[in-house]
Amino acid sequence: MARGAATTPSFVFLSFALLLICFASGGMQSVQGQKTWCVAKPSSDEATLLGNINYACSQVDCSVLQRGRACFYPDNLMSHASIAMNLYYQSRGRNPWNCFFKNSGLLVATDPSYGSCAYA
């Protein structure tokens with residue numbers, strides 16, 4: 001076995017502590033001062049996406065996702081989850097942890113708005 005291959009608990013704790021300090025200081029709220037949006041990771045499975053929609057929409061108004069509204073199309077889980085997750089992320093102050101969603105969220109610096117569907 002290669003020496004140093006195992007990660008020690010103290011290293012993991014130290015890494016986590018540094019990450020929390022960075023988040024708390026606002027160091028990761030945006031990408032170089034730009035506005036950020038939260039979208040679903042393309043690798044997310046359907047159950048995760050559905051769970052994200054259900055959770056986010058239980059916390060924020062997701063009426064833009066209803067049939068006939070600006071963000072209904074494309075009518076698929078990836079699109080709807082991204083919009084719901086971003087609504088939640090924006091409403092909670094654009095903190096990186098508000099886009100985690102069990103590691104299925106992705107922060108982007110390019111506005112994902114399309115057509116008449118404007119991401120906040």
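Residues are numbered from 1 along each chain as its sequence is written. Because the model is predicted, local features need pLDDT of at least 70 and side-chain atom pairs count only at pLDDT 80 or more, whereas totals for chains, interfaces and linings use all residues; side-chain values use heavy atoms, without hydrogens or water.

The protein chain contains three helices and two strands, where helices (H or I, at least four residues) and strands (E, at least two) are DSSP runs numbered from the N terminus. Read from the N terminus, these elements follow the order α-β-α-α-β. Of the 120 residues in the chain, 32% are buried, a term that denotes under 20% relative accessible area, with exposed meaning over 50% and partly exposed lying in between (1.4 Å probe, protein chains only). Among contacts (heavy atoms within 4.5 Å) with a separation of 6 or more, 71% join residues 24 or more positions apart.

Helix α3 comprises residues 77–91. Its 15 residues should span 21 Å at 1.5 Å a residue, and the end C-alpha atoms are 21 Å apart, so the two values agree; the expected span is 1.5 Å times one less than the number of residues. At the start of the helix, a side-chain oxygen of Asn76 comes to within 3.2 Å of the backbone nitrogen of Met78. Just after the helix, Gly93 adopts a positive phi of about 95°.

Two packed helices are described by the angle between their axes and the distance between the axes. Helix α2 (residues 46–59) packs against α3 at an angle of about 35°, and the axes lie 8 Å apart. Axes are lines fitted to C-alpha atoms, for helices over the stretch in contact, and angles run from 0 to 180 degrees between N-to-C directions. The crossing is left-handed, that is, the near helix is turned anticlockwise from the far one by less than a right angle. On the α2 side, the residues that meet α3 include Leu49, Leu50, Ile53 and Cys57, and their counterparts in α3 include Leu77, Ala81, Ala84 and Tyr88. The residues of this contact divide into 12 nonpolar, three polar and one charged. Here Ala, Val, Leu, Ile, Met, Phe, Trp, Tyr, Cys and Pro count as nonpolar, Asp, Glu, Lys and Arg as charged, and the others, Gly among them, as polar.

Helix α3 is mostly covered, with 11 of its 15 residues buried. The cover over these buried residues includes β1 (37–40), α2 and β2 (105–108). Ala81, in α3, counts as buried because its relative accessibility is 0%. Beyond its neighbours within four places in sequence, Ala81 contacts Ala40, Leu49 and Ile53. The C-alpha atoms of Ala81 and Cys57 are separated by 9.6 Å, although the two residues are 24 residues apart along the chain.

Asn86 also belongs to α3 and is buried, with a relative accessible area of 1%. Residues up to four places away in sequence aside, Asn86 touches Trp37, Cys38, Tyr119 and Ala120. Tyr119 is located in the segment after β2 and is buried at a relative accessible area of 11%. With the same exclusion of residues up to four places away, the contacts of Tyr119 include Ser79, Ser82, Ile83 and Asn86, as well as Trp37 and Val39. Between Tyr119 and Ala84, 35 residues apart in sequence, the C-alpha to C-alpha distance is 9.8 Å.

Technical notes:
A polar contact is a pair of N or O atoms within 3.5 Å; within protein, one must be able to donate a hydrogen and the other to accept it, and residues adjacent in sequence count only if both atoms are side-chain atoms.
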